[in-house]
Amino acid sequence: MTLLKWAVVPLVLLSACSSSRKEGAGAEPHRLLPLSQQLALRQTWLEKRHGMLLEMMRRHGVGMWIIVNEEFHDDPLTQFVAPPLPYAGNRDIFVFVDAGADGLRRVALTGYGEEALQRFFEIPTEGRSPAEFLAELDARHQPQRIALSTGGKRGVTRSLTRDGYLFLKEALGAGAEARFVSAEPLIEEYLDTRIPEEWEHYRGMVALTDAIVKEALSSAVVVPGRTTVGDVRRWLYDKVGSLGVGTWFQPDLRVQRQGGLGTTSRGFLAVAKESVVIERGDLIHVDFGISHLGLHTDWQKMAYVLREGETDAPVGLKNALANTHALQDVLMLKASRPGRSSADVFHETMTEMGARGIQADVYSHPLGNQGHALGASIDFRSANRKEAPKPLREGSYIAIELSTTTPVPEWGGQKVAVMEEDPAYLTAEGWKFFVPRQEAFYLIR
C-alpha cells in the first residue's frame, strides 16, 4: 500500500491527508480544525488583508468603501471584509475610509458590538443611528469617491440591494449620489490578492480534493455494470458532508464510450445522466471541488474502467492524455508570466497547439474566495472580450482547466476528449501546481 502524504498538518488537517492507491482501499479519515479554530485562523488572515487595503483604495481612487449586509441576505463580501461570523442584524454596515495621514479608518455599524468586531472595527457608542454616523463620517473625511457594490459584471461586484442603495443615498445626503462609483476594480484586486499565510492551507484543500476524487474513481466506489453516475455523485455529496467541508457546485460526471455517449452541451462534452450505468471500457470524467476556510478548489480527473483481461488503458487513450499534458505545459510554463496579458497567453498557447496538430480548448479561470473567482481568466472568452485584457498577477490562484480532443485507433478513430483541471499559483517562472497533476488514468478494475 502506497500512502501519499502532504505536509499540511499543523493547522488545516490534524491527520495527514493520505489516500491509498491500493484497489478497494479508501482515503483515511480527514480531521479538520474545529470551527472555532477555523474562525480564529481566518481572523488572522483578515488582519493581513486589512493591512493591504488602504494602498488598494488609493490605487483605485476610492476615499470610502461601504459594504451593506442585509438580514438573511448576506453580501458575499462580508465574510472577507469582516470576521466570518453569522450576521443577523437588520442591516449591518462596514465602512472603510481613507483618513489621510491617520491611515485607514474602519467602522462597523451593526446591531451590537460583538467582541470579534471590536478587534477590527471602530464601534460607535449607542445612541446614534447608522444613518447619522455615516453622515458624520462623510462630513469629517469628505471622500471624493464612495465605492459601492454596484455596476459590476459579476455577482460579488453588484451585490448592493436597491433598498440598501436608497438608504445610503438618503443617509449621506444631497449630492452624495454623484460621488458613488462602482467598487468593482477594488473588489477584484482585494479578492484576487492571495496572502502567503493561505498557501499551505489551500494546498491541503487541494490534496484533500485529490484524495476524495481518487477514492470516487476507484473500485471502492465503482462496480462496473452496476454503479450509476448518480451513485457516484451521491457518494461525493456524502463524502464532503462526512468530512465537514462543503462544495460550491454540484459534482458532475461525463462518460465516453466506444460507439456512444458522445452528446455535447454548449460546445463541451455533456454531463452524463444519473441513470447511466458505468460499464467496462468506459472513460469516466469527474468535475468536483470543495469549499473550506472561505476558499474553494476546482478539480477534474479521469478514470478508465478496465475490460476483462486488460491491465492498463489502451495506448490511444494514453496518447490522448499525453496531448493534454502538452497543452498544460505550454500554457503553464511557456506562455504564462506575471504581467502578461491573459489574451496573449491564450493566443500563444493555441498557436503552439495548432502547430503541433493538437485540437485544444482552454477555459482556465481564477480560484480563491470564489470557485469562479475574480481576476484574469485564460480562455476563449477573455481573448474575445471588448475591454482590455487583464494582466496575470503574481501569486494569484487559477484553475488550469482545459482539454484536447484526439482520435483513438482502438475506438475506430472515434475522437475522445481528455479534460483536466488543476489548481495552480503564478510564480515568476509560470504557473505551478499545488499537488502533482494526473500522470496516468485512474484504473477501475
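Domain bounds in this tour come from an automatic or database domain assignment. The model is predicted: local features need pLDDT of at least 70, side-chain atom pairs count only at pLDDT 80 or more, and totals for chains, interfaces and linings use all residues. Residues are numbered from 1 along each chain as its sequence is written, and side-chain values use heavy atoms, with hydrogens and water left out.

**Stop 1: the two domains**

Select residues 35-192 as domain 1 and residues 196-443 as domain 2. Their centres, taken over C-alpha atoms, are separated by 36 Å. Where they are in contact (heavy atoms within 4.5 Å), domain 1 contributes 17 residues and domain 2 contributes 18 residues.

**Stop 2: the area between them**

The size of an interface is often given as the accessible area lost when the parts come together. Here, buried area is the accessible area (1.4 Å probe) that two parts lose on being put together, summed over both. Between domain 1 and domain 2 it is about 1700 Å², and carbon and sulfur atoms give 52% of that area. Next, select Trp45, Glu188 and Asp192: within domain 1 these residues lose the most area to domain 2, together 39% of what that side buries.

**Stop 3**

Side chains of opposite charge can pair when their charged atoms come close. A salt bridge is taken as a side-chain nitrogen of Lys or Arg within 4 Å of a carboxyl oxygen of Asp or Glu. Between domain 1 and domain 2 the count is 4 salt bridges. Display Glu188 with Lys390, a salt bridge in which the closest N and O atoms are 2.9 Å apart.

Now colour the secondary structure, in which helices (H or I, at least four residues) and strands (E, at least two) are DSSP runs numbered from the N terminus. On the side of domain 1 that touches domain 2, the elements giving two or more residues are helix 1 (35-59), helix 2 (78-81) and helix 6 (184-192). Helix 1 supplies the largest share of that side, 6 residues. For a colouring by class, Ala, Val, Leu, Ile, Met, Phe, Trp, Tyr, Cys and Pro count as nonpolar, Asp, Glu, Lys and Arg as charged, and the others, Gly among them, as polar. The side of domain 1 that touches domain 2 then shows 6 nonpolar, 3 polar and 8 charged residues.

**Stop 4: Arg393 and Asp192**

Select Arg393 and Asp192, whose side chains meet in a salt bridge (2.3 Å, N to O). Arg393 lies in the loop between strand 14 (378-379) and strand 15 (397-408) and Asp192 in helix 6, so the pair ties together parts that are 201 residues apart in sequence. For accessibility, buried means under 20% relative accessible area, exposed over 50%, and partly exposed in between (1.4 Å probe, protein chains only). Arg393 is partly exposed at 32%, whereas Asp192 is buried at 4%.

**Stop 5: further salt bridges**

The count of salt bridges by this rule comes to 32. One of them joins Arg179 to Asp138, with the closest N and O atoms 2.9 Å apart. Arg179 is in the loop between helix 5 (162-172) and strand 5 (180-182), and Asp138 is in helix 4 (residues 130-141), 41 residues apart. Arg179 is buried, at 18% relative accessible area, and Asp138 is buried at 8%.

Move to Arg162 and Asp163, a salt bridge with its closest N and O atoms 3.9 Å apart. Arg162 is exposed at 63% relative accessibility, and Asp163 is partly exposed at 48%.

Finally, select Asp231, Arg233, Arg234, Asp252 and Glu274, which are linked in a network of salt bridges.
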